[in-house]
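Let's take a friendly walk through some helix packing. Please keep the model open as you read.

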Amino acid sequence: MTVWEGEKKYQIALSLIEGVGDIVGKQLLVNLGSAKAVFFAKRKELERIHGIGPILVDAILSTDVLERAEQELKWIEKQGINHMFYGDKNYPNRLRQCEDAPLNLFYKGNINWEHDKFLSIVGTRKATSFGKLFTEKLVKELAPYNPIIVSGLAHGIDVAAHKAALKYGLKTIAVFAHGLDKVYPSAHATITKTIINQGCLLTDYKSKTKALPQHFVSRNRIVAGLS
């Protein structure tokens with residue numbers, strides 16, 4: 001069986017169905033057992049699930065997202081990107097406890113997701129010199145405890161946190177608000193290459209996803225949930 005015929009295609013496709021977000025997706029998994037089962041479910045099975053109304057049932061039964069999911073799988077394989085699904089054993093346990101934990105995570109790099117200390121540091125994009133120095137001082141003083149530093153790669157405090165982690169030999173995770181096919185802001189493209197070697201780039205968005213304002217708000221649940 002190839003990866004295209006297996007469960008991963010359906011796991012990625014599940015979050016592509018219009019109206020199926022992270023919370024509804026988990027409800028479908030609990031009731032039907034797997035992402036693949038959702039796509040083979042009968043109307044009566046879906047209608048029996050609490051909170052799944054007729055509009056969503058129609059969307060699930062008429063969906064044509066499997067081809068898009070196959071394209072994404074081929075792309076992440078070619079790019080050396082790893083994929084984790086909510087039900088996988090290697091899915092971060094801290095994040096799994098969040099009600100709106102992402103169904104799918106995509107990352108490039110190497111991280112022990114069960115490391116005992118994750119520290120999320122975020123802040124203003126228009127950081128003062130004092131703010132940047134304080135961020136570096138904070139990371140430096142915490143470095144002996146070996147935390148993994150999590151942030152959002154934005155201008156200001158976020159990138160200062162990543163730089164400080166790299167400077168003091170700590171692993172760091174940059175959480176994107178878009179797919180891993182681009183870097184936003186583009187000015188931070190160079191540092192991402194170092195982060196991949198000393199941590200990872202992480203997102204729940206598929207490739208070709210634009211960096212829209214609401215995506216930055218949404219990604220914050222990952223930054224917070226990991227720690």
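## Helix α1

Helix α1 (residues 7–14) is largely enclosed by the rest of the structure, because 6 of its 8 residues are buried. Buried here means under 20% relative accessible area with a 1.4 Å probe, protein chains only. The buried residues are Lys9, Tyr10, Gln11, Ile12, Ala13 and Leu14. They pack against α2 (22–32), α3 (35–40), α6 (66–79), β1 (82–85) and β2 (104–109). Helices (H or I, at least four residues) and strands (E, at least two) are DSSP runs, numbered from the N terminus.

## About the model

This is a predicted model, in which local features need pLDDT of at least 70 and side-chain atom pairs count only at pLDDT 80 or more, while totals for chains, interfaces and linings use all residues. Residues are numbered from 1 along each chain as its sequence is written, and side-chain values use heavy atoms, leaving out hydrogens and water.

## Helix α9 and its surroundings

Helix α9 (residues 157–167) is mostly covered, with 9 of its 11 residues buried. Among them are Ile157, Asp158, Val159 and His162. The cover over the buried residues of α9 includes α8, β4 (148–151), β5 (172–175), α10 (189–197) and α11 (213–225). After α9 comes Gly169, with a positive phi near 75°.

## Where α8 meets α9

Helix α8 (residues 129–142) packs with α9 at an angle of about 35°, and their axes are 9 Å apart. Contact (heavy atoms within 4.5 Å) involves Gly131, Lys132, Thr135, Glu136 and Val139 of α8, and Ile157, Ala160, Ala161, Ala164, Ala165 and Lys167 of α9.

Notes. Axes fitted to C-alpha atoms, helices over the stretch in contact; angles between N-to-C directions. Buried < 20%, exposed > 50% of the residue type's maximum accessible area, 1.4 Å probe, protein only.
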